[in-house]
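Reader: I am new to this one. Could you take me through it?

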Amino acid sequence: MKNKIPTREEALELFKKYNKSDSLLRHALAVEGTMRHFAELLGEPDVEKWGIVGLIHDLDYEMYPDEHCIKVQEILKEEDYPEDYIRAVASHGFGICCDIEPVESMEKVLYAIDELTGLITAVVLLRPSKSVLDLEPKSVKKKWKDKAFAAGVDRSIIEKGIEILEMEKDYVIQETINAMRKVAEEIGLKGNL
Ligand SMILES: [Fe+2]
Ligand SMILES: [Fe+2]
C-alpha cells in the first residue's frame, strides 16, 4: 500500500504533539524555511517535501533525547510517512546518533544547515538589532572561528555537511541567511527592524 503524503499542517500538528518548547518550534521553522529555500535554489520539484522534512527533523528530541533520530523513525512509520521522509529525517544524525548516511541532496542540505541555523540564531541574538534582516555573512564567519561562542554548535558537522554538498561555504552561509530572512517573523529573528 502506498503511504499517504503528509500535509504541512499535519506535520506541524505532529511536531507540536511531541514538542512543547518554543525554542524547538522556532528551530523547526528555521530549518523548514531553509530547506524550502534550498529546494527552490536547486530547482527541486517537491519543495513541500523538503519543507516538511525540515519541520519534523527533530520531532523526537524533546521527549526522547537519548533515542534522537531512532525513536522518530518509529513514530513516523506509525504515522504512515513515506520511507524517503523517514530516511531523510534520521540521516541528519549521521555519525552522532544514527548510522544512516546523507546521500540524497535533500539529506545533505539538511545535514549542513541544521546546526548552521543554530549558529546564525546565536549570532543574531548578540546583535543590537536582534535581527537576521541586517546580518552579514562575515559576522557569522567571525563567530564560526570563536569556539567558545555557542559552544554547543558543532562546526565540524556543518563543515562536513558543506563538504558532502560540494558547495562553497560562503554561498551556504549567505543562502541560509537569506532563507531565515524570509521567515524572520515566525522564528523570532526580526528584532527591532
Ligand atoms: Fe537533531
Ligand atoms: Fe535540528
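Reader: How many helices and strands does the secondary structure of the protein chain come to?

Author: This is a predicted model, in which local features need pLDDT of at least 70, side-chain atom pairs count only at pLDDT 80 or more, and totals for chains, interfaces and linings use all residues. Residues are numbered from 1 along each chain as its sequence is written, chains are lettered from A and ligands numbered from 1 in the order in which they are written, and side-chain values use heavy atoms, with hydrogens and water left out. The protein chain has 9 helices and 0 strands; helices (H or I, at least four residues) and strands (E, at least two) are DSSP runs, numbered from the N terminus.

Reader: Which residues coordinate the iron ion (ligand 2)?

Author: H27 (NE2), H57 (NE2), D58 (OD) and D114 (OD) do, at 2.1 to 2.2 Å. Donors are N, O and S atoms within 2.8 Å of the metal (3.2 Å for Na, K and Ca); water is not among the atoms, so sites may look incomplete.

Reader: And how far apart are the iron ion (ligand 2) and the iron ion (ligand 1)?

Author: They are 3.8 Å apart, and D58 coordinates both. H27 lies in helix α2 (residues 22–41) and D114 in helix α6 (residues 105–126), so this pair ties together parts that are 87 residues apart in sequence.

Reader: Is H27 buried or exposed?

Author: H27 is buried, with a relative accessible area of 19%. D114 is buried as well, at 8%. Buried means under 20% relative accessible area, exposed over 50%, and partly exposed in between (1.4 Å probe, protein chains only).

Reader: Changing topic, what does the C-alpha trace of the protein chain span along its principal axes?

Author: The trace spans about 50 × 35 × 30 Å. Buried residues make up 50% of the 193 residues in the protein chain.
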